[in-house]
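The following dialogue shows a student how to read the features of a protein model. Please keep the sequence and the structure in view while reading.

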Amino acid sequence: MKRNDARFMSWVLVWCLAVTIGCSREAPEPRLVTGGSPNDTGLAQKRCTLHQEELAPDTVAILYGLRRFKPDSLKAARTIFPNARTSVLGGCVVLDAKKVEVRYCRSCRTARTLWLAQQARQE
Ligand SMILES: [Zn+2]
């Protein structure tokens, strides 16, 4: 398989996952400020699995709709800053809730900021 074919197949896989997960009406139980069903709030988690740091509370925006992410961004989020949680995906059904309570890792947010700055320099 050529490199471009592999990249294309990665995008197709990410898109299929986003449609399957992001648009599901069967999202986990919400922990919202004003109701709704975003995923991955981290409220059931005590510590960052990467930095072993205690997670802190915050309120972040819920991003509705189908989101596209570059494979590098997804990999970085998973491996470098898994608990940054600067926003939460709310799926394709737009609800009244605009913000959600989350728990985040300070070191993950710092790592995310550094990673984004590095990406901006490379573009
Ligand atoms: Zn962390």
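Q: What is the mean pLDDT of the chain?

A: pLDDT is the predictor's confidence in each residue, from 0 to 100. In this predicted model, the mean pLDDT of the chain is 79, and 68% of its residues reach 70 or more. Local features need pLDDT of at least 70, side-chain atom pairs count only at pLDDT 80 or more, and totals for chains, interfaces and linings use all residues. Residues are numbered from 1 along each chain as its sequence is written.

Q: Where in the chain is confidence lowest, and where is it highest?

A: Helix α1 (residues 3–22) has the lowest confidence, with a mean of 55, whereas α3 has the highest, at 96. Over residues 24–37, pLDDT stays under 50.

Q: How many helices and strands does the chain have?

A: Helices (H or I, at least four residues) and strands (E, at least two) are DSSP runs, numbered from the N terminus. The chain has three helices and three strands. Their order from the N terminus is α-β-α-β-β-α.

Q: Which strands does β1 join, and do they run parallel or antiparallel?

A: Two strands pair if DSSP finds at least two bridges between them. Strand β1 (residues 56–64) is joined to β3 by six bridges, and these two run antiparallel. Four bridges link β1 to strand β2 (residues 87–91), and here the strands run parallel. Ala61 illustrates both pairings: Lys99 stands opposite Ala61 in β3, and Ser87 is the bridge partner of Ala61 in β2.

Q: What is the length of helix α3, from its first C-alpha to its last?

A: The expected span of a helix is 1.5 Å times one less than its number of residues. Helix α3 (residues 106–122) has 17 residues and reaches 25 Å, close to the 24 Å expected.

Q: Which residues of α3 are buried, and which are exposed on the other side?

A: A residue is buried if 20 or more other C-beta atoms lie within 10 Å of its own, exposed if 12 or fewer, and partly exposed in between, with C-beta atoms placed from the backbone. In α3, Cys108, Ala111 and Arg112 are buried. Seen down the axis of α3, these buried residues fall within an arc of 105° (the arc of the directions from the helix axis to the C-beta atoms), so they line one face of the helix. An α-helix has 3.6 residues a turn, so residues three or four places apart point the same way. Leu114, Ala117, Ala120 and Arg121 are exposed on the other side of α3. The cover over the buried residues of α3 includes β3 (99–104).

Q: Which residues touch the most other members of the largest nonpolar core?

A: A nonpolar core is a set of buried Ala, Val, Leu, Ile, Met, Phe, Trp, Tyr and Cys residues joined through C-beta atoms within 7 Å. The largest one has 13 residues, of which Phe81, Ala84, Tyr104, Cys105 and Cys108 touch the most other members. β3 and α3 each supply at least two residues of this core, and β3 gives the most, with three residues.

Q: Is Pro82 buried or partly exposed, and which residues does Pro82 touch?

A: Two residues are in contact if their C-beta atoms, placed from the backbone, lie within 7 Å. Pro82 lies in the loop between α2 (71–79) and β2. Pro82 counts as partly exposed because it has 19 C-beta neighbours inside 10 Å. Not counting residues up to four places away in sequence, Pro82 touches Thr49, Leu50, Ala77 and Cys108.
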